[in-house]
Amino acid sequence: MIAAAFARLRGWEGLLLALLVVIVVVNMAHSPYYLGVGNIINLFQLEIEKIIVALMMTLIIINGEIDLSVASVMGMSACVMAWSFRAGVPLPWAMLAAMASGVAAGLINGFWIAYVGLPSLAVTLAGLIGYRGVARILVQDRAIGDYPGWFNALGQQGLVGPLTLSIIIFLAMFAVLGLVLHGAALGRLVYVIGNNLQAARYSGVRVRRVKMTLFVASAVVAALAGLLYAARLGSVRGDMAQGFELDIITIVLLGGVSIFGGSGNLLGVGLSILVILNLRNGMGLADITGNTQTSVIGALLILSVLAPNIAQAIHIRWKGRET
Amino acid sequence: MREYVLAGAALLAVGMLSPGAHAQVKATPGKAENMVLLPKFLGILPFDQAHRGAEEAAAELKNPAKLQYLGPTPENSVAGQIEIVTNATTQGVNAIMISNNSGDQIVPAAKKAQAAGIKVVTWDSPIPSAEGEDVFVAQVDFTQTGRVMADMALKIMGPEGGKFAILSASPDAANQNAWIAAMQEALKDPKYAKLQQVGIVYGNDQSELSYNQALALVDKYPGIKLIMAPTSVGIVAAAKAMQDEGLCNKVKVSGLGVPKEMLAYTKNGCAPEFALWSFVDLGYLTYYTAYMLATGEIKAEPGQSFTAGRLGNYTITKDPTRKAGLRVLMGPFSIYDASNVEAAAK
């Protein structure tokens, strides 16, 4: 059965890879600017915060949970930083305060989900509203800007060659989370719990600790992404990153991660990120924007998100009939 | 309408007298400039009208490069605008015309565009800090809005004057508050001495609430002859309320409205006169400004004067409404009445 699941995922990744190749070839044929270094960097930079958060979201969903509060935590973190900075706190401390707000959000989410046992859908939905509320109260409708040059430079300029800090963080996280998920004991537990929560409990897995770790990590990564976003835009508003959670979750699902938990891997999500980013960029360079762009990406996502889940539903029903 | 044209001409004359003023520059048609018109988002009428105006200017200037009208969806406005500016920079266009919806968050992307030699012109809504922006093409200015409303009130109520009330958007709507303040300032002129403003109510730019508030005004101030609504939602609701209650002979409606929505009420006399700037003209002027900046015929400096086709002469000045930045002030208002509303509603 594991082999079958493995084959299915391999098939899915193969599909994504084929799709990616098609998109890249079409883009290359269509725009002479596509393969420029600057464009490739922009292609990542324009969505970098979302894809950073998507990596951590992958672990959450494989674990059989969901974190809807990530975008609000991004906004809250940026606003805590902006508000403290305006109040006269030196920027490094303001950033630390922002990260602390992320830790707090993660602990709150984790407490209700892991220790009280409430569904993550409900808890993080409350978080989505609550943390956004904090962001809006702190910054309101006025933008807060005028950060020191080094802060803006971190978000907007290359740190190592053309690679920005955000891109480096993304690549590092991809490597580390890949190792954790597919090489470390914690990663195995993430799958075990996602596959069968009860069985994991009975076999002595410290479910609470794993879930708590994941939700704190998710919020911390979101808080970091919020700061990177603030640095990239050089200005903070209360509505920052609003609505990003849906984009983030769809990236993960397109990557072949089952919304029911227990299956999927980081490689698929990496491919999904490349597919979406290159598709968006190609359309942007072809001057396709607005609703047309949204519809094309939406159609792809509907198709791709439905396909594996329908396949799985059929598979489960089939299995049910056999027993 | 004539006096606003005159006022505009007077402003221009002042501009020409100021030090460093140049002669009116006329655009050289036929230069290939790749230009992007970027609204706050796609799919609403005023932006489509601006697009139409820009297309008109593009045709007049015989720009062989096609105008790109690109915009995000309303839900993705901020990130979408940044993405479009970034991609336009990659493509190496010559000018980007932005109705900015991203506050200063557009600044890094706009600055990179400028660094790549692209002219960044804002219209309708500027970049607050003016960083990354060459020129802002402003539709009208607040003082003028106040005078236009005072004049319409005087014209509708006649020389004998009378009482009027205001139906506004929300109590904290920045534009409306500034316009009302400007009108109250204008009313201090002795020529409006017989006009008496009796109250302000707020319809929050919701049709039903505005409708009820308009009726409440009539109950509360029985003698009023006019409701002035400096909001395109409020003015329609007030006109409908007066029409439904058969009050149009006693209480008239005026303010800022969209011709298409006001057509019926202007025709039946409920709202004999109202005003708005033309988004078509705004798009047209924005295109001329950006084109001439891109060709290098004008520079983004105070005192630069140019001719924008059928709209006439304009001068770049410092923007008095922001700490920094330059602007081209479009003006004048278009005043609509039974004689021209039909044509404008098309």
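## A look around chains A and B

In chain B, Ala275(B) sits opposite Ile335(B), a residue of strand E16(B). That's a handy place to start in this predicted model. The pair belongs to strand E11 (residues 273-276) and strand E16 (residues 334-337) of chain B, which run antiparallel to each other and are joined over 4 bridges. Strand E11(B) is covered on both sides: Glu273(B) and Ala275(B) point one way, Phe274(B) and Leu276(B) point the other way, and all are buried.

Strand E12 (residues 305-307) runs antiparallel to E13(B), and 3 bridges join them.

| Residue | Stands opposite | Strand of the second residue |
|---|---|---|
| Ala165(B) | Ile227(B) | E9(B) |
| Ala229(B) | Gly255(B) | E10(B) |
| Thr307(B) | Asn313(B) | E13(B) |

Now over to chain A and its helix H8 (residues 165-183). With 19 residues at 1.5 Å each, this helix should span 27 Å, and its end C-alpha atoms are 26 Å apart, which agrees. Which residues of H8(A) are buried? They are Ser166(A), Ile167(A), Phe170(A), Leu177(A) and Leu181(A). Looking down the axis of H8(A), the buried residues fall within an arc of 95°, so they line one face of the helix. On the other side, Leu171(A), Ala172(A), Ala175(A), Val176(A), Leu179(A) and Gly183(A) are exposed.

Most residues other than glycine have a negative phi. Asp146(A), though, has a positive phi near 60°, and it's in the loop between helix H6 (120-139) and helix H7 (149-156) of chain A. Asp124(B) likewise has a positive phi, of about 70°, and is found between strand E5 (119-123) and strand E6 (135-138) of chain B. Are these two buried or exposed? Asp146(A) counts as exposed because it has 12 C-beta neighbours inside 10 Å, whereas Asp124(B) is buried, with 23 other C-beta atoms within 10 Å.

Another loop residue is Lys188(B), between helix H6 (174-186) and strand E8 (195-202) of chain B. With 9 C-beta neighbours inside 10 Å, Lys188(B) counts as exposed.

Finally, where do the chains meet? 22 residues of chain A are in contact with 18 residues of chain B. On chain A's side, helix H2 (37-45), helix H11 (207-233), helix H13 (266-285) and helix H14 (290-322) each give two or more residues. By class, that side has 5 nonpolar, 14 polar and 3 charged residues.

Key: Residues numbered from 1 in each chain as written. Chains lettered and ligands numbered in written order. Predicted model: local features only at pLDDT ≥ 70, side-chain atom pairs only at ≥ 80, totals over all residues. Contact = placed C-beta atoms within 7 Å. Nonpolar A, V, L, I, M, F, W, Y, C, P; charged D, E, K, R; others polar. Pairing = 2+ DSSP bridges. Expected span 1.5 Å × (residues − 1). Buried ≥ 20, exposed ≤ 12 C-beta atoms within 10 Å, placed from the backbone. Arc of directions from axis to C-beta.
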